[in-house]
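Student: Could we go through this model together? I would like to begin with the overall picture and then turn to particular residues.

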Amino acid sequence: MLKRKKWVFDYSALIITATLTFTSFAAYKQKNGNKEALEPSNRLSHDTAVKEDEDTISPFSLSEDSDKGVLVSNSTENLLTNKVDKKGYEIITHIVKAGDTVEEIASTYNIKTSTIIASNNITSKTILQVGQALQFPSSDGLIYELKAGENLWDLAQLNDSDYDRLLVVNNIKSPETLQIGEKIFVPDVEKVKSPSSEFKRNTNQYASASYSRGGKVSFTGIMPTQGTISSKFGKRWGRQHKGIDIAANTGTKVVAFQSGKVTFSGWNGGYGNLVIIDHGNGIQSYYAHNSKNLVQKGSSVQKGEVIAKVGNTGNSTGPHCHFEIRVNGTPVNPLNYIN
Ligand SMILES: [Zn+2]
């Protein structure tokens with residue numbers, strides 16, 4: 001669970017801090033260019049063009065590194081512009097000396113033994129060697145390496161952590177630029193649940209997700225890209241995934257799942273580079289996070305025609321194609337429409 005801290009601020013200091021914060025947020029937005037990704041309402045959803053995931057924004061606490069005059073607030077603005085210019089943790093390397101025990105090392109650094117044990121894969125059979133280097137974060141929690149198809153939001157949800165807090169302690173200012181293999185500090189956990197392996201374990205649960213699931217349909221098409229489905233349609237960790245994610249290398253062809261007319265081709269917030277094709281009868285298909293769109297609005301495309309290249313743009317971790325089908329505007333399970 002999160003440690004919550006309460007801070008008492010001198011009122012005048014609060015106003016000054018708030019003013020600084022406001023100014024720097026404007027500057028940050030301008031510099032970043034990708035405004036959509038920073039909107040508070042977007043932070044909760046993997047794909048932001050449909051904003052229906054307006055959960056309660058929970059309060060958060062900051063890292064131990066808290067004497068920076070940072071406000072405790074539930075405002076994304078404050079979070080993104082606070083004065084934390086470095087990560088909220090460090091990696092400590094401790095060289096084992098004669099007589100060291102994990103308990104003593106933990107107490108020296110004021111962290112839990114479990115942080116050292118889990119960070120170094122220590123088991124009851126492990127014997128510490130003098131001169132051995134142990135590495136662990138400077139506050140309780142673990143380092144996790146992001147895998148293909150995973151994102152920070154899922155990681156936070158799955159580990160009962162707070163998305164904003166992960167941004168702050170890891171000093172992440174543009175979550176949309178995270179790469180596979182990026183090291184993320186997850187505070188206060190003794191074991192990190194991996195979104196991709198948790199997803200595999202719960203396949204049945206996702207398969208039974210009821211979200212306009214529908215049965216057999218007569219209108220079908222083909223898979224838009226070659227790859228592995230890294231995330232299915234429907235409920236995952238308390239919110240709805242409006243399509244499927246197909247993990248594939250950047251540059252892999254994305255093809256039209258069925259013939260139709262391009263009604264959108266461009267940048268769309270969390271979707272990154274997005275192509276929307278209208279197939280008539282109220283059916284539309286969405287292809288998101290592309291590295292490049294290859295068709296223009298108004299073009300007619302044939303089933304199987306290359307329309308884009310797989311990428312990692314928008315709110316995405318690792319290259320993948322987010323594929324949606326909407327019927328009269330409502331997302332449906334694309335797999336029911338693939339033959
Ligand atoms: Zn997706």
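Tutor: A definition is needed at the outset: a residue counts as buried when its relative accessible area is under 20%. By that criterion, 50% of the 339 residues of the protein chain are buried. Please bear in mind that this is a predicted model.

Student: How many helices and strands does the protein chain have?

Tutor: There are 8 helices and 17 strands in the protein chain.

Student: And what percentage of the contacts join residues at least 24 apart?

Tutor: Among contacts between residues at least 6 apart in sequence, the figure is 67%.

Student: Let us move to the largest pocket. How much space lies in it?

Tutor: The largest pocket holds about 470 Å³ of space. Its lining comprises 21 residues, and those closest to the centre are Ala118, Ser119, Leu142, Ile143 and Tyr144.

Student: Which element gives the most to that lining?

Tutor: Strand β3 does, with 4 residues. At least two lining residues come from each of α4 (113–119), β2 (133–137), β3 (141–145) and α7 (195–201).

Student: Which domains does the lining draw on?

Tutor: Domain 1 (11–87 + 141–197) and domain 2 (91–137) each contribute at least three residues to the lining of the largest pocket.

Student: How do the lining residues divide into nonpolar, polar and charged?

Tutor: The lining has 9 nonpolar, 5 polar and 7 charged residues.

Student: Now the largest nonpolar core. Which residues touch the most other members?

Tutor: They are Val275, Ile277, Tyr287, Ile307 and Phe323, in a core of 23 residues. Strands β8 (244–247), β11 (273–278), β12 (283–290), β15 (306–309) and β16 (320–327) each supply at least two residues of this core. The largest share, 3 residues, comes from β16.

Student: What is Phe323 in contact with, leaving aside its neighbours within four places in sequence?

Tutor: With those neighbours left aside, Phe323 is in contact with Pro224, Gly243, Ile244, Ile246, Phe257, Ser285, Tyr286, Tyr287, Pro334 and Ile338. Another core, of 16 residues, lies apart from the largest one and includes Tyr144, Leu152, Leu178 and Val192. As background, nonpolar side chains tend to be buried together in soluble globular proteins.

Student: Is Ser194 buried or exposed?

Tutor: Ser194 counts as buried because its relative accessibility is 9%, and the cut-off is under 20%.

Student: And Ser161, where is that?

Tutor: Ser161 is in the loop between α5 (152–158) and α6. Ser161 is also buried, at 12% relative accessibility. Its contacts, apart from neighbours within four places in sequence, are Ala156, Leu166, Val186 and Pro187.

Student: Changing topic to the backbone: what is phi of His289?

Tutor: Phi of His289 is near 70°, a positive value in a residue other than glycine. Most residues other than glycine have a negative phi. His289 belongs to strand β12 and is buried, with a relative accessible area of 0%. Asn171 has a positive phi as well, near 50°.

Student: Where does Asn171 lie?

Tutor: Asn171 lies in the loop between α6 (163–169) and β4 (183–187). Asn171 is partly exposed, at a relative accessible area of 24%.

Student: One more loop, between α4 and β2. How far apart in space are Leu128 and Val96?

Tutor: Leu128, in that loop, is 7.2 Å from Val96, C-alpha to C-alpha, and the pair are 32 residues apart in sequence. Leaving aside neighbours within four places in sequence, Leu128 is in contact with Val96, Asp100, Val102, Ile122 and Leu134. Leu128 is partly exposed, with a relative accessible area of 21%.

How values were computed
Residues are numbered from 1 along each chain as its sequence is written. This is a predicted model: local features need pLDDT of at least 70, side-chain atom pairs count only at pLDDT 80 or more; totals for chains, interfaces and linings use all residues. Side-chain values use heavy atoms; hydrogens and water are left out. On a 1 Å grid over the protein atoms alone, a cavity is a set of points where a 1.4 Å probe fits but cannot get out, and a pocket is an open set with protein on both sides within 12 Å along at least five of seven lines; lining residues have an atom within 4 Å of a point. Grid points are joined across faces, edges and corners, and a volume is the space filled by probe spheres set on the points. Ala, Val, Leu, Ile, Met, Phe, Trp, Tyr, Cys and Pro count as nonpolar, Asp, Glu, Lys and Arg as charged, and the others, Gly among them, as polar. Domain bounds come from an automatic or database domain assignment. A nonpolar core is a set of buried Ala, Val, Leu, Ile, Met, Phe, Trp, Tyr and Cys residues joined through side-chain atoms within 4.5 Å. Buried means under 20% relative accessible area, exposed over 50%, partly exposed in between (1.4 Å probe, protein chains only). Contact means heavy atoms within 4.5 Å.
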